[in-house]
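Subject: Structure handover

Hello,

Here is the structure you asked to look at. Please open it beside this message and follow along.

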Amino acid sequence: KYCIMRSTPKTILIAGYYGFKNTGDEAILATMILDLRALLPDVHIIVVSGDPKDTEQFHGVSAVSWNEMQGITNAMNLCDLVIMGGGGLFHDYWGFNPTTVLTPHHSGISFYCSIALLASILDKPLMLYAIGVGPLLSEMGKFYTRATVEQACLVSVRDEESREQLHS
């Protein structure tokens with residue numbers, strides 16, 4: 001997919017597994033924020049989070065709750081770029097329920113699909129950053145992961161296994 005950035009992003013929305021007290025994911029977010037601010041000192045960053053207040057205090061960003069679709073939609077309307085990642089986001093260890101896409105009950109693949117679908121609807125460029133993929137145990141998990149990846153302008157993976165999973 002080919003995407004054009006209309007200008008240097010002034011506001012970036014970041015979605016991943018943030019605000020759930022996972023040290024590795026919080027380290028990924030901290031590094032992303034540090035790198036983005038080094039490149040774009042005036043950038044405004046909004047993070048989709050399991051604990052928005054904690055994320056705001058700890059990372060010095062704005063945050064919106066991961067299960068408030070209207071808040072996510074409002075934040076995405078304000079942004080110039082959506083970044084999803086990093087880490088092991090696309091797996092269906094605990095199953096996958098496609099009826100929860102774009103609802104407050106989304107989790108796992110349905111949450112990440114919701115973000116990608118919303119970015120597409122709102123015509124926002126989407127980047128998948130250092131994502132982990134797999135295992136994908138169900139055909140629906142594979143289908144929705146593929147659909148999410150196809151919405152992205154740019155995709156990077158964290159490891160060779162994830163790259164191979166995407167190619168398969």
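This is a predicted model: local features need pLDDT of at least 70, side-chain atom pairs count only at pLDDT 80 or more; totals for chains, interfaces and linings use all residues.

Residues are numbered from 1 along each chain as its sequence is written, and side-chain values use heavy atoms, with hydrogens and water left out.

Helix 3

Helices and strands are DSSP runs numbered from the N terminus (helices are H or I with at least four residues, strands are E with at least two). Helix 3 covers residues 69-78, and its buried residues are M69, G71, I72, T73, A75 and M76. Buried means under 20% relative accessible area, exposed means over 50%, and partly exposed is in between (1.4 Å probe, protein chains only). The cover over these buried residues includes strand 1 (11-15), strand 2 (44-49), strand 3 (62-65), strand 4 (81-90) and helix 4 (109-121).

Helix 4

I121 counts as exposed, because its relative accessibility is 55%.

Leaving aside neighbours within four places in sequence, I109 is in contact (heavy atoms within 4.5 Å) with F90, H91, D92, F96, L136, G141, Y144 and T145. I109 and V149 are 40 residues apart along the chain, and their C-alpha atoms are separated by 11 Å.

I121 belongs to a nonpolar surface patch of about 250 Å², together with L102 and L117. Patches are made of residues with over 30% relative accessible area and no salt bridge; like charges are joined within 9 Å, and nonpolar side chains (Val, Leu, Ile, Met, Phe, Trp, Tyr) within 5 Å. Accessible areas come from the Shrake-Rupley method with a 1.4 Å probe.

The largest pocket

The largest pocket has a volume of about 490 Å³. It has 25 lining residues, and the closest to its centre are H91, W94, S107, G108 and Y112. Strand 4 and helix 4 are the elements that give two or more residues to the lining, and helix 4 gives the most, with four. A pocket is an open set of points on a 1 Å grid where a 1.4 Å probe fits, with protein on both sides within 12 Å along at least five of seven lines; lining residues have an atom within 4 Å of a point.

H91 is in the loop between strand 4 and helix 4. H91 counts as buried because its relative accessibility is 16%. Apart from neighbours within four places in sequence, H91 is in contact with I109, G134, P135 and L136.

Salt bridges

A salt bridge is a side-chain nitrogen of Lys or Arg within 4 Å of a carboxyl oxygen of Asp or Glu. How many are there by this rule? The count comes to five.

One of them joins D51 and K21, with the closest N and O atoms 3.7 Å apart. D51 is in the loop between strand 2 and helix 2 (52-59), and K21 is in the loop between strand 1 and helix 1 (23-39), 30 residues away. K21 also forms a salt bridge with D54, at 3.4 Å between the closest N and O atoms. D54 lies in helix 2, so this pair ties together parts that are 33 residues apart in sequence. K21 is exposed at 59% relative accessible area, whereas D54 is partly exposed at 30%. Shared partners join K21, D51 and D54 into one network.

Regards

Key
Grid points are joined across faces, edges and corners, and a volume is the space filled by probe spheres set on the points.
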